[in-house]
Structures are given as structure tokens and as C-alpha cells.
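Subject: Handover of a structure and findings

Dear colleague,

Please find below the structure that I am handing over to you. My findings follow it, and I would be grateful if you read them with the structure open.

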Amino acid sequence: MVDLAFSTNAYTRHRLSEAVRRIADHGYAGVELLGDEPHAYFPEFDDADRDELTAVLDDTGIAVSNINANTATGYYDDAPPSSFFEPSVIQADDEARAWRVEYTKRAIDLAETVDAPAVCLATGRPLPGTLPEEAREYLHESLHEILDYAEPRGVAVGIEFEPELLIENTDEVLTLIDEIGRDSLGVNLDVGHAAVYGEDVVESIHRSAGSITGVHLEDIVGGRRGKHYHRIPGEGDLDFRAIFDALDDIGYDGFATLELYTYPDEPDRAAREAYDELSQYV
């Protein structure tokens, strides 16, 4: 059976502990923790922050579905536009790439502390001057180091594909998983990303069976003809009955996490309406 979770990345105008409390109050079984500013930016996330987080998790009884380590905008004093995935694990700059690998290890530490099953990681884009085949070599090198760290701690790593990134669709993420050849690597399957790329979301779920470390949910208008903009379920064109049926078909019994970072002005409304729409399917 799938459990619903909600990501704190919709609550970036609230402290992490307050975000967790609000999400728990909306009835969610799980919460995804944003591994970035303003919540858990790891170079600044200290023991006191961890103690406050674990206290609110204990108090609410909510589980942690995932640590979202896709972004690290806190790396920049003044983040440039579209910096979201930089520095990435495919950066040609050795120092920047090593920084991101270490950052991901800190996300794994937090996952171990709060008993989260996985962290998710985006590959980033091949930047000018870095050929895609070179970026892929950096990706393999980075992932092996990350997985060497994650496996003894019992934490899985899910690659989240996204259009325009090095790994941008189901074919590419499943090929990567085969190439790496380690059970601890899987896919954090974002159904909206599959739809925007033009994939059949149900087919993507079926093909990913046995490799899904977590699921991100949001609605999308127009699929491939539309834009990559996360909407509250029921406001777009995705068939969530079919999505949950497909997850049931493959025996997935983890968390499906609403990722509605597009609603920073009204995260409670987004959380409430999403839960009301999707609770009928779980």
C-alpha cells in the first residue's frame, strides 16, 4: 500500500520544524525533507538543528519519506538564475564535483539519523565545455563514491530524471542503473517529469518496477505540449487513478510524495487540497 507524503520544499517561508508540524496536521503519513536552504543546508545544519528536527518528528509521529538532495542553492552567496542543480555531480571542475559528492553524503547522514529509506539526487546539466559523454564518466565516478557511503548506512539513492538534465527520461535512468550495477541505486520517479518529457506515465511506472526508491507527485497541464510547472492534483491532466493502480500493479508499497514547491505563498492550501484529492486512491 502506498502512503502519502508531502515535501517541505513548499514551505520555504517557514522553519523546518514548523513545516513538519503543518504537514503532519494535514494528515500525511510522511514528510520529505528539503536538503537545501532554508531547511537542511548541510554545511550549516548543526547538532541543534538535528535535535530540533528529531524532536518534532517524535512529537508528531510522522515518518520521513526521503531526503531531497536535488538542489544546493545554498552553495552560492548570490545564486545565479537556474542554479538549481549546481554544483552537480557531473561538474568538470574537480573541486566543485567533490563538494557535491560530500554534500550528498551529508544528506545520507541525515537519512540515517531520521530513518528515511532514501535520498534523491538529480544529475544536473552538462555545462558548456563538458561533452555529455564526459559528464557521464563524472556521474559514474561520483555515484560509486556516494553508494560506497550509502550502502553501509542502509540508505538507497534515487536518481530523479528531468527533461534537459543529463539523465532526463525513463530509458536513460534505467540504463544508468544497469551500468552502475548496484542494488542501492534506483529511480526517484517524478510522474510529472515523465509526462512533460512525453512519456506514458503508467508505462514508466511499470518499466521502473523493482527500481523505485520513491515517487514524486504533482499535476501537469498538457503533458509534452505543456510546461514543466507543478500543480495541485486535480488542476492538470494526469490520471492519478491510473498512476496509483500502476503502483499497486508493481507492488510498490513506499511513499508517494507531493512536491509542490510552486506554492510558497499558500503551502497549507496546496497540502490540504492535494491530500483531499489523492487520499481516495490510497
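Helices (H or I, at least four residues) and strands (E, at least two) are DSSP runs, numbered from the N terminus. In these terms, Ser65 belongs to strand β3.

Two remarks on sources come before the rest. The model is predicted, so local features need pLDDT of at least 70 and side-chain atom pairs count only at pLDDT 80 or more, whereas totals for chains, interfaces and linings use all residues. Residues are numbered from 1 along each chain as its sequence is written, and side-chain values use heavy atoms, with hydrogens and water left out.

The chain as a whole

The chain contains 9 helices and 8 strands. Its radius of gyration is 17 Å, close to the 19 Å that the globule rule gives for 282 residues, so the chain is as compact as a globular protein of that length. The radius is taken over C-alpha atoms, and the rule is 2.2 Å times the number of residues to the power 0.38. Along its principal axes, the C-alpha trace spans about 45 × 45 × 35 Å.

Of the 282 residues, 56% are buried. Buried means under 20% relative accessible area, exposed means over 50%, and partly exposed lies in between (1.4 Å probe, protein chains only). The chain exposes about 11900 Å², of which carbon and sulfur atoms supply 43%; accessible areas come from the Shrake-Rupley method with a 1.4 Å probe, and for residues only the protein chains shown count as cover.

Contact, here and below, means heavy atoms within 4.5 Å. Among the contacts with a separation of 6 or more, 77% are between residues 24 or more positions apart.

The nonpolar core

In soluble globular proteins, nonpolar side chains tend to be buried together. A nonpolar core is a set of buried Ala, Val, Leu, Ile, Met, Phe, Trp, Tyr and Cys residues joined through side-chain atoms within 4.5 Å. The largest one in this model has 83 residues, and those with the most contacts inside it are Phe6, Leu33, Leu53, Ile67 and Leu217. Leaving aside neighbours within four places in sequence, Leu53 contacts Leu16, Val20, Leu33, Phe45, Leu110 and Val114.

Individual residues

Ser65, already placed in strand β3, is buried at 4% relative accessibility. Beyond its neighbours within four places in sequence, Ser65 is in contact with Ala5, Val31, Glu32, Pro117, Phe255 and Thr257.

Tyr103 is part of helix α3 (residues 94-114) and is buried, with a relative accessibility of 2%. Not counting residues up to four places away in sequence, Tyr103 touches Gly35, Asp36, Ala40, Tyr41, Phe42, Pro43, Thr71 and Ala72. Although Tyr103 and Gly35 are 68 residues apart along the chain, their C-alpha atoms are separated by 9.3 Å.

Lys227 sits in the loop between β7 (212-217) and α8 (240-249) and is exposed at 68% relative accessibility. Its contacts, leaving aside neighbours within four places in sequence, are with Val196, Ile220 and Val221. Asp245, in helix α8, is partly exposed at 34%. The C-alpha atoms of Asp245 and Tyr281, 36 residues apart along the chain, are separated by 8.4 Å.

Backbone features

One runs from Glu37 to Pro38, with omega near 5 degrees, and Pro38 lies in the loop between β2 (30-34) and α2 (47-60). The other runs from Glu86 to Pro87, with omega near -10 degrees, and Pro87 lies in the loop between β3 (63-68) and α3.

Positive phi values also occur at residues other than glycine. Asp115 has phi near 60 degrees; this residue is in the loop between α3 and β4 (118-121) and is exposed, with a relative accessible area of 68%. Glu164 has a phi of about 85 degrees; its place is the loop between β5 (156-159) and α5 (170-180), and Glu164 is exposed at 59%.

With kind regards
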